[in-house]
Amino acid sequence: MTSPAVVLGGRAIRETLRTPEAIAPTLFIPLFFLVVNVGQAGRIFPTGHTSFLHGQGYAAFQLPASLLLAASFGSAAMFLVEDIEGGYFDKLRATPIPRTAIAFGRLAAEGVKSLVLTAVLTLVAMAFGVRLASGAFGFVLLLLLTAGWAVVFSGFMQLIALKTRSAAATQSGGLVFFPLLFLTPNFVPRHMLTHPVTYIMEGMRSLILVHFDWAAIGKGFLVVALAGLVMAALNARAIRAYD
């Protein structure tokens, strides 16, 4: 018997496929930032004379930022608001299914979507000369780490949707990612920053530029796991307390 979360996740994926205009910015904007940033900084950090590039071009260093940006364009929360405003959410709550399946089904779909988008963006970057130093297994880890972040971020966005029940407030909440992105090792390595605030990007970057830096990779997955546990607990609490 198929679980309710899987059924609702499938519905969420079909929603995404029926609204390609919601996916287009997820691909275009990260690619745009990648091209612009590489064009601006590529001459400052030349391939052969910049140690932190490990022999690659600056595009390889910037790819994780684009992947995280794409992962933070999740549409799960906005579709949830539409369900709330249209009354479908109340109908789901009236059915004999676990309340957590309503939220986690959408998050599972967001993870699947992120896997596909991350693969597409990475393959596009590889076509322009970026290579993964960690090989095929590193590519799998990169997909999982990015998809994990997509689920976590979408989960926190769903909290805003459940609390405010407002499309405007939910959409505005997504903008918090942009200032946080510029507090990460986005343009230069960690040792050149005063107070970097992320381990996820460093874990992703190590998979691209270094063979395997397990310390950085482990920290990235640990942050995603801990944030995911907090997000899951808060989502479960919010949906059970929903009235």
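This briefing walks through the helices, the core and the surface of one protein model. The model is predicted, so local features need pLDDT of at least 70 and side-chain atom pairs count only at pLDDT 80 or more, while totals for chains, interfaces and linings use all residues. Residues are numbered from 1 along each chain as its sequence is written, and side-chain values use heavy atoms, with hydrogens and water left out.

**Overall picture**

- The protein has 11 helices and zero strands; helices (H or I, at least four residues) and strands (E, at least two) are DSSP runs, numbered from the N terminus.
- Of its 243 residues, 48% count as buried; buried means under 20% relative accessible area, exposed means over 50%, and partly exposed is in between (1.4 Å probe, protein chains only).
- Among contacts with a separation of 6 or more, 77% join residues 24 or more positions apart; a contact means heavy atoms within 4.5 Å.
- The protein exposes about 11800 Å², and carbon and sulfur atoms supply 70% of that area; accessible areas come from the Shrake-Rupley method with a 1.4 Å probe, and for residues only the protein chains shown count as cover.

- Helix α7 covers residues 135-164, and its 30 residues should span 44 Å at 1.5 Å a residue, which agrees with the 44 Å between its end C-alpha atoms; the expected span is 1.5 Å times one less than the number of residues.
- Just after α7, R165 takes a positive phi of about 55°.
- Helix α11 has 27 residues and reaches 38 Å from its first C-alpha to its last, close to the 39 Å expected.
- The buried residues of α11 include A216, G220, V224 and M231, and their cover includes α5 (88-94), α6, α7 and α10 (200-209).
- K219 also sits in α11 (residues 214-240), but it counts as partly exposed because its relative accessibility is 45%.

**The nonpolar core**

- The largest nonpolar core has 45 residues, and those with the most contacts inside it are F89, I102, L142, L162, I200, M204 and I208; such a core is a set of buried Ala, Val, Leu, Ile, Met, Phe, Trp, Tyr and Cys residues joined through side-chain atoms within 4.5 Å.
- Two or more residues of this core come from each of α3 (58-71), α4 (76-86), α5, α6, α7, α10 and α11.
- The largest share, 11 residues, comes from α7.
- Not counting residues up to four places away in sequence, L142 touches L67, T118, T122, L132, M204, L207 and I208.
- T122 belongs to helix α6 and counts as buried because its relative accessibility is 0%.
- Leaving aside neighbours within four places in sequence, T122 is in contact with L63, L67, L132, F139 and L142.

**On the surface**

- A nonpolar surface patch, whose members include I13, V116, F128, V140 and W214, has about 1100 Å² of accessible area together.
- Patches are made of residues with over 30% relative accessible area and no salt bridge, joining like charges within 9 Å and nonpolar side chains (Val, Leu, Ile, Met, Phe, Trp, Tyr) within 5 Å; a salt bridge is a side-chain nitrogen of Lys or Arg within 4 Å of a carboxyl oxygen of Asp or Glu.
- Helices α1 (4-18), α6 (99-127) and α7 each supply at least two patch residues, and α6 gives the most, with five.
- V116 lies in α6 and, at 49% relative accessibility, counts as partly exposed.
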